[in-house]
Amino acid sequence: METTAHPPAGAGAPDAGIEFYRLLTGCDPAEADIGADDDFDRHVLASILAAAVMDGGPIAERAGLSEHELNNLLASCFPSAMVRAFGWMPRSGAEIDDEVVMVRDLLLAQRSTDGEVGRWLAMMVARRAMEPNHLWEDLGLRERPELSRLLTRHFAPLASRNTRNMRWKRFFYRMLCEDDGFVMCTTPVCTQCSDFDLCFGEESGESRMAERRREFLRAGGDQSMSGGSGWT
């Protein structure tokens with residue numbers, strides 16, 4: 001029997017993202033084995049959904065998917081979790097932010113893998129790019145190299161154009177401007193630009209889920225999160 005899931009009362013709580021990641025994958029995000037490409041894809045998808053849960057609100061919208069698309073993703077990539085979206089009204093295309101559509105279409109035009117995963121990721125990455133932190137953080141990933149691997153794997157023609165390792169959000173918008181015949185930068189040489197650090201500055205730090213886990217444990221919440229979660 002399939003189990004359905006409402007957005008839990010604890011969504012947005014410090015431990016909610018880790019709990020949801022565990023529900024999907026059966027392991028802690030810090031312990032994920034991503035050696036194989038399929039395992040890496042599942043880790044990325046689970047991380048994005050976990051980040052959406054941490055934000056609170058409708059999970060599908062926060063992840064950039066319709067409820068139907070979210071259900072298909074869960075059924076295809078996490079069948080053993082037996083959790084599905086339930087009871088949310090599908091969005092119309094008019095409700096999707098124009099910037100999200102532009103980044104999504106940029107990614108879709110540069111796909112390098114077949115199948116639904118790449119299409120889902122184009123929508124999810126585009127939506128999460130609207131959040132305020134480094135893109136790898138808002139995707140729930142553990143470090144920036146995971147984002148670079150994701151883009152190189154699924155959107156290789158686009159990723160290969162980032163020859164100077166520009167920050168990915170800035171790079172997306174630079175590509176959009178160039179494809180439309182505009183010039184985003186006011187100086188011809190990057191090193192002479194006052195915004196150099198915004199485009200090329202370091203993107204290191206602690207992942208959002210690792211930070212939340214540390215805060216949760218510091219608050220005395222080191223207990224099993226497998227029972228009474230509200231997800232089943």
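Modeller: Start with a cut-off. Buried means under 20% relative accessible area, exposed means over 50%, and partly exposed is in between. Keep in mind that this is a predicted model.

Colleague: Why is Glu 61 called partly exposed?

Modeller: The relative accessible area of Glu 61 is 28%. That value falls between 20% and 50%, so Glu 61 counts as partly exposed.

Colleague: What makes Arg 127 and Glu 61 a salt bridge?

Modeller: Their side chains meet at 3.1 Å, N to O. The cut-off is within 4 Å, so the pair qualifies. Arg 127 sits in helix H6 and Glu 61 in helix H3, 66 residues apart.

Colleague: Is Arg 127 buried or partly exposed?

Modeller: Buried. Arg 127 has 10% relative accessibility, which is under 20%.

Colleague: How do you know that Asp 37 and Arg 149 meet in a salt bridge?

Modeller: The N to O distance is 3.4 Å, and the limit is 4 Å. Asp 37 lies in helix H2 and Arg 149 in helix H8, so the pair ties together parts 112 residues apart in sequence. Asp 37, at 39%, counts as partly exposed. Arg 149, at 26%, does too.

Colleague: What separates Arg 119 and Glu 116?

Modeller: About one helical turn, because they are three residues apart in helix H6.

Colleague: How many salt bridges does a search of the whole structure find?

Modeller: The search finds 13.

Technical notes:
Residues numbered from 1 in each chain as written. Predicted model: local features only at pLDDT ≥ 70, side-chain atom pairs only at ≥ 80, totals over all residues. Heavy atoms only, no water. Helix = DSSP H or I, 4+ residues; strand = E, 2+ residues; numbered from the N terminus. Buried < 20%, exposed > 50% of the residue type's maximum accessible area, 1.4 Å probe, protein only.
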